[in-house]
Amino acid sequence: MEQNIIHLQVGPLGTNCYLLFCTTTRKAAVIDPGGDGELIFQQVKKNNLEVVAILNTHGHWDHIGANKQMQKWTGAPIYIHQLDKPMLYDTRLSLADWLGEEPEEAGEVICKTIAEGDILEIGQLKIEVLFTPGHSPGGVSFLVGDLLFSGDALFQRSIGRTDLAGGDFPTLIRSIKEKILPLSDDTVVLPGHGPLTTVGEERSYNPYLRTT
Ligand SMILES: [Zn+2]
Ligand SMILES: [Zn+2]
């Protein structure tokens, strides 16, 4: 399978948003449209993509802010874990209030829930869902071949904060150790914030994952 990625930084926190697409069919998934919907959609049109899925690694505002815009323009369903789904409808839970964002008007969105082991097909691409909670209760990572979209679970040399509502440090460490570190060293980690890294680098150098 041939995939390609367009990386964008969106919203007030410069959240990493990824357009992942199948080069054969041009079908695409937008991962974490956290803001700047117009910017994302420009890239969709410019690259002649058909967005068939809106994927949320978790429900924090900086990852979901342009969900509704993207759905309006593409008609694609939103995929999120059941435990983070309430954040789509609650600006307090999603931290939109905390970030000073205006609450969106309540509106129906087409939303499908995803769980550990689910496989989503985007053209010829297969996206596997890994349940990686701890930063939020329903955090997931997306594995596509040797690429891992880790959301706010794992960053280069760091991990997601666990002091927000529903966060739990031991749960996050367990998620990373049980779901991410067993992947091959060469797996490229594309996180929700900051630069990309690899599983091998984080196993060796991430200060939070040292086994002492
Ligand atoms: Zn987050
Ligand atoms: Zn974030």
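The residues that line the largest cavity divide into two nonpolar, eight polar and one charged, where Ala, Val, Leu, Ile, Met, Phe, Trp, Tyr, Cys and Pro count as nonpolar, Asp, Glu, Lys and Arg as charged, and the others, Gly among them, as polar. This is a predicted model, in which local features need pLDDT of at least 70 and side-chain atom pairs count only at pLDDT 80 or more, while totals for chains, interfaces and linings use all residues. Residues are numbered from 1 along each chain as its sequence is written, chains are lettered from A and ligands numbered from 1 in the order in which they are written, and side-chain values use heavy atoms, with hydrogens and water left out.

The cavity itself holds about 50 Å³ of space, and a search of the whole structure finds one cavity of 30 Å³ or more. A cavity here is a set of points, on a 1 Å grid over the protein atoms alone, where a 1.4 Å probe fits but cannot get out, and lining residues have an atom within 4 Å of a point; grid points are joined across faces, edges and corners, and the volume is the space filled by probe spheres set on the points. The lining is made up of Thr 57, His 58, Thr 132, His 135, Ser 136, Gly 139, Val 140, Ser 150, Gly 151, Asp 152 and Ala 153.

Donors are N, O and S atoms within 2.8 Å of the metal (3.2 Å for Na, K and Ca), and since water is not among the atoms, sites may look incomplete.

His 58 is buried, at a relative accessible area of 2%, and His 135 is buried at 5%, where buried means under 20% relative accessible area, exposed over 50% and partly exposed in between (1.4 Å probe, protein chains only).

Which residue bridges the zinc ion (ligand 1) and the zinc ion (ligand 2)? Asp 152 does, and the two ions lie 3.4 Å apart. The protein donors of the zinc ion (ligand 2) are Asp 62 (OD), His 63 (NE2), Asp 152 (OD) and His 193 (NE2), at 2.1 to 2.3 Å, with the sequence spacing D-H-x88-D-x40-H. The angles among these four donor atoms run from 86 to 163 degrees, and this site is irregular. Asp 62 is buried, with a relative accessible area of 10%, and His 63 is buried at 0%.

Turning to the rings, a search of the whole structure finds two aromatic pairs. Tyr 18 and Phe 149 form an edge-to-face pair, 5.2 Å centre to centre with 65 degrees between the planes; rings of Phe, Tyr and Trp (its six-membered ring) pair if their centres lie within 6.5 Å, and planes under 30 degrees apart count as stacked, over 60 as edge-to-face and the rest as tilted. Because Tyr 18 lies in strand E2 (residues 15–22) and Phe 149 in strand E10 (residues 147–151), the pair ties together parts that are 131 residues apart in sequence. Tyr 18 is buried at 5%, and Phe 149 is buried at 1%. The rings of Phe 41 and Trp 73 have centres 5.1 Å apart and planes at 35 degrees, so this pair is tilted. Phe 41 is buried, at 18%, whereas Trp 73 is partly exposed, at 31%.

Terms used
On a 1 Å grid over the protein atoms alone, a cavity is a set of points where a 1.4 Å probe fits but cannot get out, and a pocket is an open set with protein on both sides within 12 Å along at least five of seven lines; lining residues have an atom within 4 Å of a point. Four donors count as tetrahedral if all angles lie between 85 and 135 degrees; four count as square planar and six as octahedral if opposite donors are over 155 degrees apart and all others between 65 and 115; anything else is irregular. Helices (H or I, at least four residues) and strands (E, at least two) are DSSP runs, numbered from the N terminus.
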